[in-house]
Amino acid sequence: MDRTFTEFLAMGGYAPYVWASYGAWCLVMLLNILGARQALDSAMEQARRRLVMRDGDERGAP
Amino acid sequence: MATWTWFHRLASPPYVYRTAATLTPWFAVVAALAIGYGFFGGLVLAPPDYQQKDAFRIIYVHAPSAWLSLLAYTTLAVAAAVGLVWRMKVAHAVAAAAAPIGASFTFLALLTGSLWGKPMWGTWWTWDARLTSELILLFLYLGYMALRSAFDDRQRADRASAVLAVVGVVNVPIIHFSVTWWNSLHQGSTVMKLAKPSMPGSMLWPLLASFLGFTLLFAALLCVRLRAEILERERQASWLKSIVEKR
């Protein structure tokens, strides 16, 4: 706990390994969140199109 | 008879869709708090390890990622089995939704393990039982997703990929016990064992918080992807209309 900010960033000489691990985690989780949202948005859009097409069929449109 | 009503409700797409939507923000908020504390405690509050110094701090991303790689696969395989046995559409949707999330945690477990292995073992990779079985898990996830996308018909994709998922579940205990069954470079369990955890509280509590936070984050991501999978499978116009028009 009683270390300076520079010492904290240096991670006792292990900085590249420690920060790369946490950085990779942040990046992959960001992609996970964006990917999940994108999947939901596109599924919603597809469902909407399916409904529009079905309504069109019922009215006898091409 | 009453005990079966929950099972029937779980099989109802509109019910599961709405429940998943309600739960997502709760899972997400608690996950953010738990991971925030876990990482702060792990990086700042916990003292350096007496042997591994500051490199041990990788454990707070590595071990929970590895745990999630197994939990997500078990979720996927159980859901796939339920889907096969009871021909439940929602169960197949859960399995399909879990795959990309589980694959991402498996990738992270391998990557952060490699970043931890280099300074501690002197190598990025070794063909050791734990590492190899975890790599096989990543291939199982990728194979599962590739197999699904090879079918145009969703029902056939669900059934074929479920068989692969169920067969692949033998790998889960192999990964967990690999460090005890084989002579491994990988260290033994710190938390997931019957004996007392081999860590003092200042190191252990942030780790447990990370485990909890990662698990809830997985639950939140699963809920969002599950809703997408349900929408793609649904042909019943009435409730689909109410969902789509709400947007």
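Visitor: Let's start with chain A. How many helices and strands does chain A have?
Guide: This is a predicted model, so keep in mind that we're talking about computed features. Of the 62 residues of chain A, 15% count as buried. As for its elements, chain A has two helices and zero strands.

Visitor: Where is A:M11, the residue with a positive phi?
Guide: A:M11 isn't a glycine, yet its phi is near 50°. It has 19 C-beta neighbours inside 10 Å, so it counts as partly exposed. Its place is in the loop between α1 (5-10) and α2 (15-58) of chain A.

Visitor: Over to chain B. Is B:K53 buried, exposed or partly exposed?
Guide: B:K53 is in the loop between α2 and α3 of chain B. Its phi is positive, about 50°, although the residue is not a glycine. Being buried takes 20 or more other C-beta atoms within 10 Å, and being exposed takes 12 or fewer. B:K53 has 15, so it is partly exposed.

Visitor: How do the chains meet, and which helix supplies the largest share of the side of chain B that touches chain A?
Guide: On the B side 34 residues are in contact with 25 residues of chain A. Helices α2 (13-45), α3, α4 (89-121), α8 and α9 (237-246) of chain B each supply at least two residues of that side. The largest share is eleven residues, and it comes from α4(B).

Visitor: How many nonpolar, polar and charged residues does the side of chain B that touches chain A have?
Guide: That side belongs to the contact in which 34 residues of chain B meet 25 of chain A. Sorted by class, the side of chain B has 21 nonpolar, three polar and ten charged residues.

Visitor: What about α8(B): how far apart are its end C-alpha atoms?
Guide: α8(B) is mostly covered, with 24 of its 33 residues buried. At 1.5 Å a residue, those 33 residues should span 48 Å. The value in the model agrees, because the end C-alpha atoms are 47 Å apart.

Visitor: Are α3(B) and α8(B) parallel, antiparallel, perpendicular or oblique to each other?
Guide: Helix α3 (residues 59-86) and helix α8 (residues 201-233) of chain B have axes 9 Å apart and pack at an angle of about 40°. Roughly parallel would need an angle under 35 degrees, and roughly perpendicular 65 to 115. The two helices are therefore oblique.

Visitor: Which classes do the residues of that contact of α3(B) with α8(B) fall into?
Guide: The crossing itself is right-handed. From α3(B) come residues including B:I59, B:Y60, B:W67 and B:L71, and they meet a set in α8(B) that includes B:P206, B:F211, B:F214 and B:F218. The contact divides into 13 nonpolar, three polar and no charged residues.

Visitor: And how is α3(B) oriented relative to α7(B), roughly parallel or roughly antiparallel?
Guide: The axes of α3(B) and helix α7 (residues 171-181) of chain B come within 10 Å and cross at roughly 160°. An angle over 145 degrees is the mark to pass here. That makes α3(B), relative to α7(B), roughly antiparallel.

Visitor: Which residues of α7(B) does α3(B) meet?
Guide: This crossing of α3(B) and α7(B) is left-handed. By class, the contact has four nonpolar, two polar and no charged residues. On the α3(B) side are B:L70, B:Y73 and B:T74, and the residues they meet in α7(B) are B:V172, B:I175 and B:H176.

Terms used: Residues numbered from 1 in each chain as written. Chains lettered and ligands numbered in written order. Predicted model: local features only at pLDDT ≥ 70, side-chain atom pairs only at ≥ 80, totals over all residues. Helix = DSSP H or I, 4+ residues; strand = E, 2+ residues; numbered from the N terminus. Axes fitted to C-alpha atoms, helices over the stretch in contact; angles between N-to-C directions. Left-handed = near helix turned anticlockwise from the far one by under 90°. Contact = placed C-beta atoms within 7 Å. Nonpolar A, V, L, I, M, F, W, Y, C, P; charged D, E, K, R; others polar. Expected span 1.5 Å × (residues − 1).
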